[in-house]
Amino acid sequence: MTSNAREGANSSLAHRATETTTEIERVSFPGRRTFNRNYASTGTPVLIADLARQWPAYSLWTFEWFRKNHGGLIVPVEFSQVDPARESIRFEKNEVPLREYIDTILSDTPGEKGYLAELRVRRSMPSLMADIAFPKCHKWSYAFVNLWIGPQGKESQLHFDYLDNFLAQVVGRKRVKLYSPESAVSRYPTMSPFSHFSMMEHLHRAAAGSGWQRPREEVAPDYDVVVGAGDMLFIPARWWHKVISLDPTVSANQFYVPVTRIPMRLVSVGAYMGSQRLKRWKRFRSKSRAGLGKPTI
Ligand SMILES: O=C(O)CCC(=O)C(=O)O
């Protein structure tokens, strides 16, 4: 694949490099200590420009390469359905050969194409681990790597994760909107059972007559970043993010937490989930008393 094709297989913007509308710092990986001090421990997103570009994956992984080398692998393709009135999101998975899925996402056929999302690499395609090398920021950490392959236009649901995250772009570009944990997104209801998925955008899109009041206005992201092929975005734990594929894309991400922080992290996950469940229960109780669905944000 040529570098233009890599940066945007189907896009008229293929020649454009990574760009940001709200400025995010763009650095070469500064080494583990400096990275931990300046970014990880302060929970500051940053774009790391040099690392993934040096991976074997950067020159190897193309759609054709996946078709040829892993085309027969049966993969779960995810479709999500949101029900704003029930504050719920349902994920369904269809199992198809990877070859077939790649043909689908590269075709011009309209319609929902699904997402090969969060495929655990060690379990499903362990040989890929030789092609990538995420920074090792702690001597002892719990970490796992996922593969993401998706069509142009694919949007992941606005959510946060409980672990720090390196999201590396290998083919195509993704637009990532990042909202800090303190942003007003946290005041919007979340979707159960995945209480780290926000209802914000669905409330704004909710159909008239659904019984929902329209919230005042959508919250602006703290950063709005286009992550190009070869870039790696550091998304700190608890930062809300919404990801939109600007091209057909291949990405890999690594979630990680140093082992010494696992107990505290588990406590904070439990506390967060408990508080969300309580808020949710109160919302539904007030809705059923009022006889209509009103989000309280
Ligand atoms: O790339 C995507 O579509 C979503 C990535 C994501 O949500 C993540 O890495 O946590």
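Let's start at the ligand. Around the ligand sit Trp-148, Ser-156, Asp-161, Asn-165, Leu-167, Lys-174, His-241, Val-243, Ser-251 and Asn-253. A residue counts as near a molecule if its C-beta atom, placed from the backbone, lies within 6 Å of it.

Two notes on the model. It is predicted, so local features need pLDDT of at least 70 and side-chain atom pairs count only at pLDDT 80 or more, while totals for chains, interfaces and linings use all residues. Residues are numbered from 1 along each chain as its sequence is written.

Back to the shell. By class it has 3 nonpolar, 5 polar and 2 charged residues. Here Ala, Val, Leu, Ile, Met, Phe, Trp, Tyr, Cys and Pro are nonpolar, Asp, Glu, Lys and Arg charged, and the others, Gly among them, polar. Three strands each supply at least two shell residues: E7 (164–171), E13 (240–245) and E14 (249–258). Strands (E, at least two residues) and helices (H or I, at least four) are DSSP runs, numbered from the N terminus.

Now the sheet. Seven strands form an open sheet with mixed pairing, in the order E1-E2-E12-E7-E14-E6-E5. The edges are E1 (26–27) and E5 (116–120); each has a single partner strand, so one side of each lacks a neighbour in the sheet. Pairing takes at least two DSSP bridges between the strands. E1 runs parallel to E2 (residues 46–48), over 2 bridges. There, Val-27 faces Ile-48 in E2.

Next, a hairpin. E3 (residues 74–83) and E4 (residues 88–97) are antiparallel, joined by 10 bridges. Gln-81 is opposite Arg-90 in E4. Between E3 and E4 lie 4 residues, and Glu-87 in the turn has a positive phi of about 50 degrees.

Then helix H5 (residues 98–106). Its Leu-98, Tyr-101, Ile-102 and Ile-105 are buried, meaning 20 or more other C-beta atoms within 10 Å of their own. They are on the same side of H5, because they cover an arc of only 100 degrees around the axis. That arc is taken from the directions between helix axis and C-beta atoms. Their cover includes helix H4 (63–70), E3, E4, E5 and strand E6 (141–150).

Last, the core. The largest nonpolar core has 60 residues; Leu-116, Val-170, Val-225 and Leu-233 touch the most other members. E7 gives the largest share, 5 residues. Such a core joins buried Ala, Val, Leu, Ile, Met, Phe, Trp, Tyr and Cys residues through C-beta atoms within 7 Å.

Definitions and conventions:
A residue is buried if 20 or more other C-beta atoms lie within 10 Å of its own, exposed if 12 or fewer, and partly exposed in between; C-beta atoms are placed from the backbone. Two residues are in contact if their C-beta atoms, placed from the backbone, lie within 7 Å.
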